Amino acid sequence: MTFYLLETSDKQILKISPEALKMSEVLKATLNFYEQMGDSNENRTLKLLEVDSRTATKIVEYCEKFHEKKAVQSYLDLPKEELAFFTMEFGDLVQFANAVNYLAIDKALKHVCKYINYTYVRYKTTEEIRRTFFQ
């Protein structure tokens, strides 16, 4: 099976399948650029300059698990396995959201935002939200 290599900001190398990689508009565009330049080397290492290995590992795991699943409209429609995936420390969840935004992984961004909204924002007062996000 073919894999692509990703190098994180802390110089760790991760493998990702072509199907999972294509969830990212940024990585897909990078590959297309190299192909248009006549360089279709599948052993190429794509650099993730703004993503550390811990967060990149979670992103690769998400993309590998959920690349075939459809996006959902509501938090209540998120599959249980995806809800379980998002069960992590708040800081890690925010880093994940920022990284999938940076990599333009739309489905992951929409789903993690639905999870954050439902878990950390819904039914909270303004003060509770400020404490959660700004302290």
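Helix α3 contains Thr55. The model is a predicted one. Is Thr55 buried or exposed? The relative accessible area of Thr55 is 8%. Buried means under 20%, so Thr55 counts as buried. Beyond its neighbours within four places in sequence, Thr55 is in contact with Gln95, Phe96 and Ala99.

**Helix α5**

Phe96 and Ala99 are also among the buried residues of α5. A general rule applies here: an α-helix has 3.6 residues a turn, so residues three or four places apart point the same way.

What covers the buried residues of α5? The cover includes α3 (53-66), α4 (80-85) and α6 (106-121).

Helix α5 has 13 residues, 90-102. At 1.5 Å a residue, α5 should span 18 Å. The end C-alpha atoms of α5 are 18 Å apart, which agrees. Just after α5, Ala104 takes a positive phi of about 55 degrees.

**The sheet**

An open sheet has 3 strands in the order β2-β1-β3, and its pairing is mixed. The edges are β2 (13-16) and β3 (45-47). Each has a single partner strand, so one side of each is left without a neighbour in the sheet. From one strand to the next, the twist averages 35 degrees.

The two pairings are set out below.

| Strand pair | Sense | Bridges | Residues standing opposite |
|---|---|---|---|
| β1 and β2 | antiparallel | 4 bridges | Leu6 and Leu14; Glu7 and Ile13 |
| β1 and β3 | parallel | 3 bridges | Glu7 and Lys47 |

The hairpin of β1 and β2 has 5 residues between the strands. In this hairpin, Lys11 takes a positive phi near 70 degrees.

Helices lie against the sheet. Helix α2 (residues 25-36) lies across β1 and β3. Helix α2 runs at about 130 degrees to β3. Helix α3 packs on the sheet as well, touching β1 and β2. The direction of α3 makes about 10 degrees with that of β2.

**The core**

Which residues of the largest nonpolar core touch the most other members? They are Ile59, Tyr62 and Phe96, out of 36 residues in that core. At least two residues each come from β1, β2, α1 (18-21), α2, α3, α5 and α6. Helix α3 gives the most to this core, with 6 residues.

Not counting residues up to four places away, Tyr62 touches Met23, His67, Glu82, Phe85, Phe86, Phe96, Lys107, Ala108 and His111. Phe96 is on that list, and Phe96 is also a contact of Thr55.

Technical notes: Residues are numbered from 1 along each chain as its sequence is written. This is a predicted model: local features need pLDDT of at least 70, side-chain atom pairs count only at pLDDT 80 or more; totals for chains, interfaces and linings use all residues. Side-chain values use heavy atoms; hydrogens and water are left out. The expected span of a helix is 1.5 Å times one less than its number of residues. Buried means under 20% relative accessible area, exposed over 50%, partly exposed in between (1.4 Å probe, protein chains only). Contact means heavy atoms within 4.5 Å. Two strands pair if DSSP finds at least two bridges between them. Axes are lines fitted to C-alpha atoms, for helices over the stretch in contact, and angles run from 0 to 180 degrees between N-to-C directions. A nonpolar core is a set of buried Ala, Val, Leu, Ile, Met, Phe, Trp, Tyr and Cys residues joined through side-chain atoms within 4.5 Å.
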